[in-house]
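This report describes one structure in plain terms. Look at the sequence and the model first, then read on.

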Amino acid sequence: MTEESDERLASRAMSGDRGAFESLVMRHRVRVFRICYRMAGNTNDAEDWTQECFVRIWTQLKAFDTSRSFEPWMLRVTSNTCINLSKSRLGVRSKMASTPFEEINIAAPKLAEPFEQTVSNQQKAAIADVLTTVSPVLRQALTLWAVEQLTFKELADALGVPLSTAAQRVRRGLMQVRGKLANKGYEVRS
Amino acid sequence: MRCGYVQRHIVVFLENQMPPDVAEKIKSHLSWCKHCSDVAKQVEEVRQPVKDSMGVDIEPPPGMVQSVMARIENMDQAAPAPPDRRYAFIAVLAIIVLFLAIFVVPKILKLY
Ligand SMILES: [Zn+2]
């Protein structure tokens with residue numbers, strides 16, 4: 001049996017088919033959760049945010065153009081929801097029972113990378129820590145670019161901006177990370 | 001080629017996603033423009049480390065799909081009336097109240 005496309009499931013979900021939507025949630029829950037985790041900075045919030053993202057995807061489905069790909073649209077709703085949640089959290093920052101980045105298994109660097117490009121665990125933890133303080137719009141661009149490994153064309157599509165704007169946001173995000181690391185006395189260069 | 005263009009697209013260039021002819025032009029610009037080559041160097045220092053640090057292999061908790069579907073079901077039950085009709089009702093109500101306030105209430109007040 002061939003798998004039903006995202007777009008087909010989405011159009012069925014648009015006419016109220018919750019089963020079709022459930023299949024979409026099943027299919028994309030890991031990606032959405034990882035984006036939320038990077039945007040939220042801890043697993044507790046990431047769980048709530050993931051639910052919130054899917055609720056928004058469900059309520060905004062009528063705005064989805066079925067002649068286009070579902071994925072960039074879903075990533076856009078997801079990351080915009082995360083931005084809104086980040087902004088609303090700035091006021092009420094709950095630090096209770098959150099899992100710091102350091103306790104999470106972080107994917108190992110690809111073996112093909114040259115030695116000088118690999119990052120120590122300590123550096124990873126420092127970068128992950130600093131990332132939570134990068135402004136939401138830039139963090140959104142960095143997250144989709146790094147976690148989803150999107151090309152800049154795909155990133156622009158997901159953000160709904162021109163390619164040069166998407167690229168600028170990533171560059172500015174990287175420079176913010178660099179500046180914040182320098183302030184903390186880290187040197188990223190190995 | 002202008003510095004602004006080079007710097008706007010520097011990450012795209014560093015990730016080898018520029019069309020070859022444009023990439024060639026950026027490359028030659030970087031060979032003589034110190035300002036842009038400094039920017040490129042700074043970006044390059046953090047580009048791969050940040051990418052590596054952001055990769056995660058965590059999974060959502062097991063009940064995630066059910067929680068999402070439960071929320072959606074609750075939401076649909078809580079809001080049975082389609083929003084358009086509800087807004088129309090509020091609008092009509094507002095017009096009636098306004099009408100009463102402007103024409104009827106002053107008359108009643110004058111009578112007493
Ligand atoms: Zn230049």
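In this predicted model, B:K51 and B:E15 form a salt bridge, with the closest N and O atoms 3.1 Å apart. A salt bridge here is a side-chain nitrogen of Lys or Arg within 4 Å of a carboxyl oxygen of Asp or Glu. The pair links distant parts of the chain, 36 residues apart: B:K51 is in helix α4 (residues 34-54) of chain B, and B:E15 is in the loop between α2 (10-14) and α3 (20-32) of chain B. Helices (H or I, at least four residues) are DSSP runs, as are strands (E, at least two), and they are numbered from the N terminus.

By the salt-bridge rule, the count over all chains is 18. One of them joins the side chains of A:E148 and A:R31. A:E148 lies in the loop between α6 (136-146) and α7 (152-159) of chain A and A:R31 in helix α2 (residues 18-40) of chain A, so this pair ties together parts that are 117 residues apart in sequence. Another is between B:E44 and B:R47; these two are three residues apart in helix α4 of chain B and therefore separated by about one helical turn. In chain A, a network of salt bridges links A:E4, A:R8, A:R12 and A:D17.

| Salt bridge | N to O distance |
|---|---|
| B:K51 and B:E15 | 3.1 Å |
| A:E148 and A:R31 | 2.3 Å |
| B:E44 and B:R47 | 2.7 Å |

Which of these residues are buried? Buried means under 20% relative accessible area, exposed over 50%, and partly exposed in between (1.4 Å probe, protein chains only). B:K51 is buried at 12%, and B:E15 is buried at 13%. A:E148 is buried at 15%. B:R47 is buried at 9%, whereas B:E44 is partly exposed at 27%.

Chain B also holds a zinc site. The protein donors are B:C3 (SG), B:H29 (NE2), B:C33 (SG) and B:C36 (SG), 2.1 to 2.4 Å from the zinc ion. Donors are N, O and S atoms within 2.8 Å of the metal (3.2 Å for Na, K and Ca). Along the chain, their spacing is C-x25-H-x3-C-x2-C.

Chain A has eight helices and zero strands, and 49% of its 190 residues are buried.

Residues are numbered from 1 along each chain as its sequence is written, while chains are lettered from A and ligands numbered from 1 in the order in which they are written. Local features need pLDDT of at least 70, side-chain atom pairs count only at pLDDT 80 or more, and totals for chains, interfaces and linings use all residues, while side-chain values use heavy atoms, without hydrogens and water.
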